[in-house]
Structure formats: structure tokens, C-alpha cells
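Me: I've got a structure open and want to talk it through. Let's look at it first.

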Amino acid sequence: MTATHTTAHVKNAGGVAGQAGPGNAAAPRRPAPRGRALRTTGFHLTAGLLSALWLLPIVLVLVTSTRTFDDIAAHGVGSRPHSFTFDGFRQAWVDGGQQRALINSMLVTVPTVLLSLGLASMAAFALSRYALPFRRVLLLLMLGGNLLPPQILLIPVSKLSELLGIHDQLYALIGVQVGFGVGFYVFVLHGFMRAIPGEIQQAAVIDGANPWQIYWRVILPLARPALAALSALSFTWIFNDLLWAITVLRTDTRMPITASLIGLQGQYVSMWNVIAAGSVIAAAPTVAVFLRFQRHFVAGLNLGAVK
Amino acid sequence: MVLIGSARRSRATRVPPVVLAFVLVPLLAEVFWVFWPALQGFYLSLTSWDGLAAPKFVGLGNFSEMLHDAVFRTAAINTVLWLLLFGGLSAALGLGAALLLQQERRGIGFYRAALFLPVVFSLVATALVWQAMYQPDGLINNVLESVGLGGWKHAWLADQDTAFYAVIVPALWRQVGYVMVLYLAGLKGIDPALYEAAKVDGATRLQQFRHITLPQLRSVNAVVLSVIVIDSLRSFDVVWALTRGGPYHSSELLSTYMYSTAFQSLRLGYGSALAVVIFVLAFGVIVSYLVRAFREAD
């Protein structure tokens, strides 16, 4: 409706400018579809080119990961492929220790996501649904902790985990990831839970529900979209982390996939097929999460930022 | 709203203990792993410490040492440059991509996904992908050769003059999609009636952009700015994986210098002081972010 109105108006304006006679009224109408077709082509050309440019490195790494080392040595890493093999994957997976590293990553990521979202949803529930004293100060304090540059924490966290005897243990990594991330999740979930109407909770109270039941049976199910979005987002963040891992962990066999990838880079210098295969293995889980939960993932980024 | 009103009347008695625990347990986790270490970090910045013997209090000695530390100067300048280049370009390119891809039309989902896909990669994987492209016999040099710019061929990561910029490109490649998503959401929130009115008034596309789009995006701009500053100061993975700050510290950032000072040179006091500098640089953004959050939490 509005679009029609505008075209009509623009046509009018054109007519006035061109001092159009009655016969000219039809003239601007004919080029319009051609102009639109041209614009559409132009759009697809620009967007297509941009996408191709963006996807090129990904295609390249996929191609490189399936070449043989001899091929790369003979023709260079930037040449077109002359061979096809999954040997690079085998070397990265078995000899390069990426299988273990991937398991380590999952052992850290899954509990961290569950634990930090569980704890954060509890805190967000309490802060958004009850008139706790200093609720706003607490909320912002928790968010502030997440905004701190991690560098200020690295040395003390490393020493703290040594002191506790959990240095070089995956628990320490889970602990610090939960502690560091929880503030942000509380903030996002608080914003979401605040919008749930009070009547729903009151009805549950009248039915005799205790706070735990309200949290678990009423608010948490209603917060599912936000939880899904944050799960997808936090999964990639924690899975992709390098800094906390190399700060808290020492032993190679305990390192997650990102750190292991750096190890691979040192161990297989210029064996680009192995390094590329390693990168593919390290990226596969987060790409899978992205493709499966694309909507939630994008929603998560916006939840955190625009709210 | 009704609930909050009624709860406010008897705030002291109504909050059940389990609800208090709901807040206190996560808060304690954060105090234990973040706030307490942060305080220690600030204290350690005033000490000289090798990690074995007890830390020795040296006051502001670490900070005065920075004044004469050439590597610190390089790292600080690079960090600011990173902020401007990485930040400015990712904001500009992200906005440009969002403007290009804002309309719902056929194929738009694919284009958006293509630009967005790198966001889910770890910076380490991103770095290694680009490292292959930067090799002397890699794709970039091959392309330069084939278009007749063979003279521009370079060992991009090994050259002091190019290493820093060669590290920014992968970081940008990954960040643009993220910024684009933020702007896409912002553009979606603009009332189409504004554009209609502007068209009625005869505004050109450029005028519409200047007088409607940009002002309407103000809150998104603030968010993007905070994200960019915080991400820039945290940037570590991509540099560490590509150059470790080298060659000759030419791609050193404060974050990488802090890490190598602390965990490789084992100068934990000086490393803490570098971390404090990073904190000071981030402080303004942290506070403005919190102020905005404070207003919204009301």
C-alpha cells in the first residue's frame, strides 16, 4: 500500500520536472522494470562476489586438507590440487592428537555451557522476579565482571588454580569459564525474564508453587528461546577459547582443540595438508552448531548486544 | 509489574532463602574466579615477582619501567592502531554489508550466511587458514603473480613492514559478519514510515541514509563501538597463532606482550602492570556500557 503511494508520487514529481504532457505519463513506466532487473542483477553480482570472496578461504582450506604432502611440496600450497586423499585428516586426528583434543574440548565445553546457563538462569530468575535488595547493583556487578579484560585475571587465576591443586586440570578451566561468563548470561536472561508477565507467576503462587517450582516449571520453560540462543552462542565461545586454556592447562594431552591446533602448527611445519585438516576438524563442531541452530545463534548475538 | 508492586510492600520478609541462594551461588563463583583474582592482579602490578619467591612490592616501578620500554611502546601503538583499523574497518564494512543485504529477496539468506560463517570459527583456525594463504608460495602471491603484480610478492608474515597488517585481515574477515548481524537487526528496527516520509519530501538515497539511517542507528552504533573496543583489547588468539607478536615485535599487541612477559619471561609483576594498562584503556567503554545497562535495567 505504502509502496504504491510512493511510486505514484515519484512519478508525479518526475512528470512535473519534465513538464510532461499527457502522452509522457506512460514513458517512465516502461524503463522501471528494466531498471529494477538491472538493479537486481547488480545486487546479485555484488553480493555474490562478496560472498565468493568470503567463502574463498574456507574452500581453500577444504581443498588443501585433501591434498597430499608431496603435491603441496611440488606445486606449492597456493596451486590447484593435483591429488586427493584423507591422509591429512588421519595424521591430524591420530598422530597429531586431535582426537583427544576434541574430546577434551567437549569435556570442557558441554559442562561449562550447562553449568553457567544453569547458574545464570537461577540468578536472573531471582533478580528479575523478586524484590531483592540491591538487585540492580548486583546485576551490573556481575555484568561488569564479564567486561573486564581477561588479561588482568590471567596471572592470579593461574596461581589460584596452582594453590588449589587443580592446575592443569579440566575442572579449573570449567571453573574459570563459568565464573567469567556467568555475568553476561545473567544480564541477558534477566532482560528476557523481566518481560514475562507477573500474573503468570502469581497464578503459580496461588496454586501453592514454591520458588524452585516457579523457576523450574514456569519461568525456565518460558525463557527457552533466550536459553537456546545463549547455548548456541556460548558453545562457540567456550569451544573456541584459547587464552584461558593455555593459562590454566600445561600438559599437551589435556589441551583443547584450539591449543592443540597451535601445537599442530609447530609440529607439522609446512605440512599444510595436516594443518588444514586440523583446522577443519577444529571448526567442524561450531559450524555444525551454527548450521543447525542458525536462527538461535544470530538471535543470541542480538540478545546480548542490542537489548 | 503487579507482582513487583506487591512485593515491594514487604521486601524484607518476602524473599525466600532459596531465592537468595539462587543469586549468591553464581555470584560467589564469579567473586572467586573473577573479582578476587582481579584485585590480586591490581596488587601484583605494584610488585616484582618471578612466581616462586614472594612478590616484592615496588610501587609504581613497573609503570615507570614501561616509559623506557621500546617493546611496550610498539605494543601500545599497535594496540591503538589495531583499535582504529580493525575497529573502523569492521564497523564500516559491517554496516556496508548490512545495507547491501538488508532487503528480503531471493538468495539473501545464502549471502548473509556466507559473510557470517567465519564468525563461528575460532580465531586460531582462522589464523591458520590465512597463514596458508600468506605463504611465499600461497594463494595471495600466486594471484599477484598472475595479474602481473609479481613485484608485490612478499613473505607477508615474516616481513616487519607487513606482518601487522597481514594479521589484521583475518581478524577483519571474521569480525565483519558479526558487526553485520548487529546492524541488520538495527536496520530492521527502523520504522519504514520514516523513509516514506523522506521520499515524499524528495530526499535522495544519500540524504535518507544521512538523516534517517545513521541517526536511527545511534544505539546500535554505541553497541558496535563497545563490542569493537572490548574485542580489540582482548585480541590475542589471531596474533598468537600467526606471529606471536613478531617479527621483532612488529605485530605485538599489549595482550600478546602481556602474555609472553608473564608466562614466558616469568615477569609476573610487570605482566600484571601491562594488564592494568589494558584495563585502563577498556575502562571508559566498560563504564559507558554499564551506565547504559543500568538505565535499561530500571
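Predicted model: local features only at pLDDT ≥ 70, side-chain atom pairs only at ≥ 80, totals over all residues.

Reply: Start with one term. Buried means under 20% relative accessible area, exposed means over 50%, and partly exposed lies in between (1.4 Å probe, protein chains only).

Me: How is chain A built: how many helices, how many strands?

Reply: Chain A has 15 helices and zero strands. Both are DSSP runs numbered from the N terminus: helices are H or I, at least four residues, and strands are E, at least two.

Me: What share of chain A is buried?

Reply: 54% of its 307 residues. Contact means heavy atoms within 4.5 Å.

Me: Show me one residue. Where is A:Phe180?

Reply: A:Phe180 sits in helix α8 of chain A. A:Phe180 counts as buried because its relative accessible area is 8%.

Me: What does A:Phe180 touch?

Reply: Leaving out residues up to four places away in sequence, its contacts include A:Leu153, A:Trp244, B:Val34 and B:Arg234. So what about A:Ser116? A:Ser116 is 64 residues from A:Phe180 in sequence, yet 9.3 Å from A:Phe180 in space, C-alpha to C-alpha.

Me: New topic. How many salt bridges are there over all chains?

Reply: Eight. The rule asks for a side-chain nitrogen of Lys or Arg within 4 Å of a carboxyl oxygen of Asp or Glu.

Me: Which residue pairs with A:Arg67?

Reply: A:Asp71, with 2.9 Å from N to O. Both of these residues are buried.

Me: And which one does A:Asp95 pair with?

Reply: A:Arg90, and the closest N and O atoms are 3.9 Å apart. Here A:Asp95 is partly exposed, at 42% relative accessibility. A:Arg90 is also partly exposed, at 41%. There is a network too: salt bridges link A:Asp87, A:Arg90 and A:Asp95.

Me: What about A:Arg254?

Reply: A:Arg254 meets A:Asp168 in a salt bridge, 3.1 Å from N to O. This one links distant parts of the chain, 86 residues apart. A:Arg254 is in the loop between α12 (243-248) and α13 (257-267) of chain A, while A:Asp168 is in the loop between α7 (151-163) and α8 (170-194).

Me: Which residues touch the most others in the largest nonpolar core?

Reply: Five stand out among its 200 residues: A:Leu143, A:Leu153, A:Val186, B:Trp82 and B:Val238. Helix α9 (residues 163-188) of chain B gives the largest share of this core, 16 residues. A nonpolar core is a set of buried Ala, Val, Leu, Ile, Met, Phe, Trp, Tyr and Cys residues joined through side-chain atoms within 4.5 Å.

Me: What is A:Leu143 in contact with?

Reply: Setting aside neighbours within four places in sequence, A:Leu143 contacts A:Gly183, A:Phe184, A:Phe187, B:Tyr289, B:Leu290 and B:Ala293.

Me: Over to chain B. Where is B:Val229, and is it buried or exposed?

Reply: B:Val229 lies in helix α12 (residues 218-234) of chain B. B:Val229 is buried, with a relative accessible area of 12%. Not counting residues up to four places away in sequence, B:Val229 touches B:Leu83 and B:Val285. From B:Val229 to B:Val80 it is 149 residues in sequence and 9.8 Å in space, C-alpha to C-alpha.

Me: Last one. Where is B:Ser251?

Reply: B:Ser251 is in the loop between α13 (237-242) and α14 (254-263) of chain B. At 1% relative accessibility, B:Ser251 is buried. Beyond four places in sequence, residues touching B:Ser251 include B:Asn78, B:Phe164 and B:Val239.

Technical notes: Residues numbered from 1 in each chain as written. Chains lettered and ligands numbered in written order. Heavy atoms only, no water.
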